[in-house]
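Here is a short briefing on selected features of one protein model. Please keep the sequence and the 3D view open while reading.

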Amino acid sequence: MERFDYVIVGGGSAGCVLASRLSEDPSVRVCLVEAGPAKQHWSIDMPAGIIKTMTDRKHNWMFETEPQARLDNRRLYWPRGKVMGGSSAINAMVYIRGNRADYDRWAGAEGCPGWGWDEVLPYFRRAENNERFQDDLHGVGGPLNVADLRSPNPLTGIFVQAAAETQLPVLDDFNGPRQEGAGLYQVTQKDGNRMSAFRAYLADVVRPNLKIVDMAQATRVEIDHGRASCVAYRRGGREETVAAEREIILCGGAVNSPQLLMLSGIGPGAELQRHGIAVVADRAGVGANLQDHLDVSLVQKTVTKLGFAFTPAGFAMIPKAIRDYRRNRTGLLTSNYAEGGLFAKSDPALDLPDLQYHFLPVLVNDHGRKRIYAHGMTMHCCDLRPKSRGRIGLKSPDPLAAPLIDPNYLDHADDMAKLKRGLALARRIFSAPALNAHAGEELFPGAAVQSDAEVERFIRSKAETIYHPVGTCRMGSDADAVVDPQLRVRGVDGLRVVDASVMPSLIGGNTNAPTIMIAERAADLIRGRIAA
């Protein structure tokens with residue numbers, strides 16, 4: 001059995017950061033275990049390759065939820081990264097930190113001292129190399145490159161103009177002093193290629209004290225006398241074990257980290273016993289508190305052909321797109337598709353924006369898995385702070401089986417109300433003069449869907465995830481929290497969780513940049529650079 005100081009389970013956004021930062025100290029030995037491949041496929045490097053990775057089992061867990069009672073009993077599709085870089089290798093690359101008030105809520109009402117805005121901002125800045133902004137809110141020189149889109153589609157600029165015609169503010173920086181308004185997203189790209197956490201933190205790192213084991217799915221953490229001692233994993237049909245002298249750090253994300261804790265005997269005692277798993281630590285909070293941004297889309301054809309499309313005119317663009325990408329890393333193959341953004345309030349009396357929009361100059365249905373052969377545009381809208389809570393559980397004691405995923409969407413009536421108001425605003429923007437000049441048939445919800453009841457039925461039939469699950473290993477100071485504010489698992493020594501699962505509540509935006517921030521701060525906590 002090989003022995004290391006630190007064993008990190010999961011080579012996603014957080015795991016790549018930790019492996020890089022901890023191994024900077026040549027006196028410690030670090031092992032990173034990842035279920036997917038380390039080799040990066042062209043579809044990961046090329047931004048437009050998201051079309052392929054969305055349904056590629058080699059790089060994507062391709063989870064499904066339990067039937068959702070308030071969404072017509074549908075099983076929703078949950079893509080999650082299964083490759084070095086994790087979901088940062090298959091996501092839409094949108095760089096958003098969330099609202100500063102979210103972190104102050106963590107530190108205050110949610111019992112996580114040290115995680116307020118003033119404490120986390122230095123770690124956002126440490127991670128970042130922003131190509132455009134150099135100020136007190138942005139970092140320069142960090143490993144994670146943040147850039148403007150090289151070749152945004154003209155239709156995206158028209159969307160921003162339409163938002164302004166709807167009396168919404170226009171922003172050039174969603175991570176600046178104010179969040180409310182419309183603009184183009186910055187993205188985690190460099191020179192027209194995706195900048196995943198792996199590319200940012202590990203791809204060029206060769207250190208004798210760092211070992212990366214890919215294609216190795218962790219099956220359990222072994223606990224000896226109350227302390228996490230080693231990690232068992234399956235690789236190539238064999239089970240192997242690696243030991244940790246100091247700590248084991250789970251970085252599997254909001255789905256895989258709680259599943260691995262439960263497989264290791266840490267979780268709700270009654271559930272573990274049902275599956276024949278010996279209870280090491282009866283922790284009811286493991287897998288609970290699941291939160292996600294539920295999303296509903298306005299999908300409309302255009303009478304002009306500015307956007308991307310699976311049509312003869314769209315296919316005619318491909319030869320030039322390939323030339324542009326190969327020669328200059330420009331053109332439509334550098335698009336993240338979700339080019340435009342908007343943060344808005346569902347009620348003017350609110351203190352913070354509670355709706356986020358992603359504008360795409362292409363028709364999208366069912367995560368792009370169902371093709372629409374026409375030119376058009378899509379406006380995604382999600383409720384940033386849902387009140388519904390779900391859970392991750394076990395379907396089986398088999399560590400290679402998919403976990404039970406029950407987001408319990410729309411359990412709280414306020415969540416439906418906000419989505420309905422959000423869809424109404426999207427329609428107003430699409431009806432503004434700038435976009436209306438291009439607008440054709442509304443495909444979803446469809447022009448006939450107008451009444452409150454009709455809109456609600458549409459949402460129940462078509463709403464999907466926008467890929468931001470968090471909260472299933474909640475951080476806090478109370479006895480029910482899974483990890484303490486230093487991210488140490490309560491009830492077990494030598495074990496931490498560092499990923500989006502520790503977020504006590506959803507932040508107001510995309511969750512990749514906050515996950516990287518959490519790992520940057522965790523590295524300092526582990527190395528004793530900041531007070532515990």
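The notes below cover a sheet, a helix and a pocket. The model is predicted.

- Three strands form an open sheet in the order 5-6-8, and the pairing is mixed.
- Strand 5 (128-130) and strand 8 (186-187) stand at the edges. Each has a single partner strand, so one side of each is left without a neighbour in the sheet.
- Strand 5 pairs with strand 6 (residues 144-148) in the parallel sense, over 3 bridges.
- Asn129 has Asn145 of strand 6 as its bridge partner.
- Helix 5 (residues 117-127) packs on this sheet and touches both strand 5 and strand 6. The direction of helix 5 makes about 65° with that of strand 5.

**Helix 15**
- Helix 15 covers residues 512-527, which is 16 residues.
- At 1.5 Å a residue, helix 15 should span 22 Å. Its end C-alpha atoms are 23 Å apart, which agrees.
- Of the 16 residues in helix 15, 15 are buried, so the rest of the structure largely encloses this helix. Buried here means under 20% relative accessible area.

**Second largest pocket**
- The second largest pocket holds about 190 Å³ of space.

Definitions and conventions. Residues are numbered from 1 along each chain as its sequence is written. This is a predicted model: local features need pLDDT of at least 70, side-chain atom pairs count only at pLDDT 80 or more; totals for chains, interfaces and linings use all residues. Side-chain values use heavy atoms; hydrogens and water are left out. Two strands pair if DSSP finds at least two bridges between them. Helices (H or I, at least four residues) and strands (E, at least two) are DSSP runs, numbered from the N terminus. Contact means heavy atoms within 4.5 Å. Axes are lines fitted to C-alpha atoms, for helices over the stretch in contact, and angles run from 0 to 180 degrees between N-to-C directions. The expected span of a helix is 1.5 Å times one less than its number of residues. Buried means under 20% relative accessible area, exposed over 50%, partly exposed in between (1.4 Å probe, protein chains only). On a 1 Å grid over the protein atoms alone, a cavity is a set of points where a 1.4 Å probe fits but cannot get out, and a pocket is an open set with protein on both sides within 12 Å along at least five of seven lines; lining residues have an atom within 4 Å of a point. Grid points are joined across faces, edges and corners, and a volume is the space filled by probe spheres set on the points.
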